[in-house]
Amino acid sequence: MSASPAPTAEDSHQAGPLYLAWDDIGLATTTLAQQITAAGVPQAVVGIVRGGLIPAVWIAHRLGVHDVRTIEVTRTTSDDINAAKTPLPTVRNPASLGDLSGLDVLLVDDIAGSGTTLAHTAQMVRELGPARVRTAVLAVNQANWPAGPEPHRRIDHIASLTTTWVVFPWEEQHDQR
């Protein structure tokens, strides 16, 4: 895997959610772009809709990548804080990925809890024949991470680690705090 993740966010003792601001997203996408560039600029960026779409676009701009695609994969049953998860990811419109044959692909999501959505989607992308598939997330919620390999062994690029629910500035709950 690529560069080590950034230090753990200073929310390790926080009981409630961590509310990120747009400036935090800018810093996180810059951090990821630096990590990604060190490992080689991809030819295509794929954002996992919905949460991974905004960081995918920001990262693509920072890297100068014009080929940006999406795939809808989710495990969260609602937009509520600490919402329940489905046992398996739900995939909608996998054809939106198009032809990835022979490309260096970067798969982006906003957050990884257990890493299941990211791993499932990465496998779907690999089945489309790209030359390389890497993964990137703005944050990993280690409170949900399963036993076994640490996040940086399963995810190529991580901007930060946390131990609480993260609310991103594009989410409705962000306005309700």
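## Basis of the description

The model is predicted, so to speak of local features a pLDDT of at least 70 is needed, side-chain atom pairs count only at pLDDT 80 or more, and totals for chains, interfaces and linings use all residues. Residues are numbered from 1 along each chain as its sequence is written, and side-chain values use heavy atoms, with hydrogens and water left out.

## Overall organisation

The chain contains 4 helices and 8 strands. Here helices (H or I, at least four residues) and strands (E, at least two) are DSSP runs, numbered from the N terminus. Their order from the N terminus on is β-α-β-α-β-β-β-α-β-α-β-β. Of the 177 residues in the chain, 45% are buried; buried means under 20% relative accessible area, exposed means over 50%, and partly exposed lies in between, with a 1.4 Å probe and protein chains only. Among contacts with a separation of 6 or more, 69% are between residues 24 or more positions apart, a contact being heavy atoms within 4.5 Å.

Strand β5 covers residues 104–112 and is mostly covered, with 8 of its 9 residues buried. Strands are taken as paired if DSSP finds at least two bridges between them. The table lists the pairings described here.

| Strand pair | Bridges | Direction |
|---|---|---|
| β2 (residues 44–49) and β5 | 4 bridges | parallel |
| β5 and β6 (residues 132–141) | 8 bridges | parallel |
| β6 and β7 (residues 157–162) | 5 bridges | parallel |

Valine 108 in β5 stands opposite glycine 47, while aspartate 109 has valine 137 in β6 as its bridge partner. Between β5 and β6 the chain passes through helix α3 (residues 116–126), and this β-α-β crossover is right-handed. That term applies if, with the strands pointing away from the viewer, the path from the first strand over the helix to the second runs clockwise. Valine 137 also stands opposite isoleucine 158 in β7.

Helix α3 has Thr117, Leu118, Thr121, Ala122, Met124 and Val125 buried. Because these buried residues fall within an arc of 160° when seen down the axis of α3, they line one face of the helix; the arc is that of the directions from the helix axis to the C-beta atoms.

## Valine 105 and arginine 134

Valine 105 has a relative accessible area of 0% and is therefore buried. Beyond its neighbours within four places in sequence, valine 105 is in contact with several residues, including Pro42, Ala44, Val46, Val125 and Arg134.

Arginine 134 lies in strand β6. Since 9 of the 10 residues of β6 are buried, the strand is largely enclosed by the rest of the structure. Arginine 134 is itself buried, because its relative accessible area is 2%. Its side chain reaches the backbone oxygen of isoleucine 36 at 3.4 Å. Such a polar contact is a pair of N or O atoms within 3.5 Å; within protein, one must be able to donate a hydrogen and the other to accept it, and residues adjacent in sequence count only if both atoms are side-chain atoms. Not counting residues up to four places away in sequence, arginine 134 touches Asp104, Leu106, Asp156 and His157, among others.

## The aromatic cluster

Rings of Phe, Tyr and Trp (its six-membered ring) pair if their centres lie within 6.5 Å; planes under 30 degrees apart count as stacked, over 60 as edge-to-face and the rest as tilted. By this rule there are 3 aromatic pairs. One of them joins tryptophan 22 and tryptophan 170 in a tilted arrangement, 5.7 Å centre to centre with 50° between the planes. Tryptophan 22 lies in helix α1 (residues 22–39) and tryptophan 170 in the segment after β8 (166–167), so the pair ties together parts that are 148 residues apart in sequence. Tryptophan 22 is partly exposed at 41% relative accessibility, and tryptophan 170 is partly exposed with a relative accessible area of 22%.

Phenylalanine 168 and tryptophan 170 form a stacked pair, 5.0 Å centre to centre with 10° between the planes. Phenylalanine 168 is buried, its relative accessible area being 1%. Ring pairs link Trp22, Trp58, Phe168 and Trp170 into a cluster.
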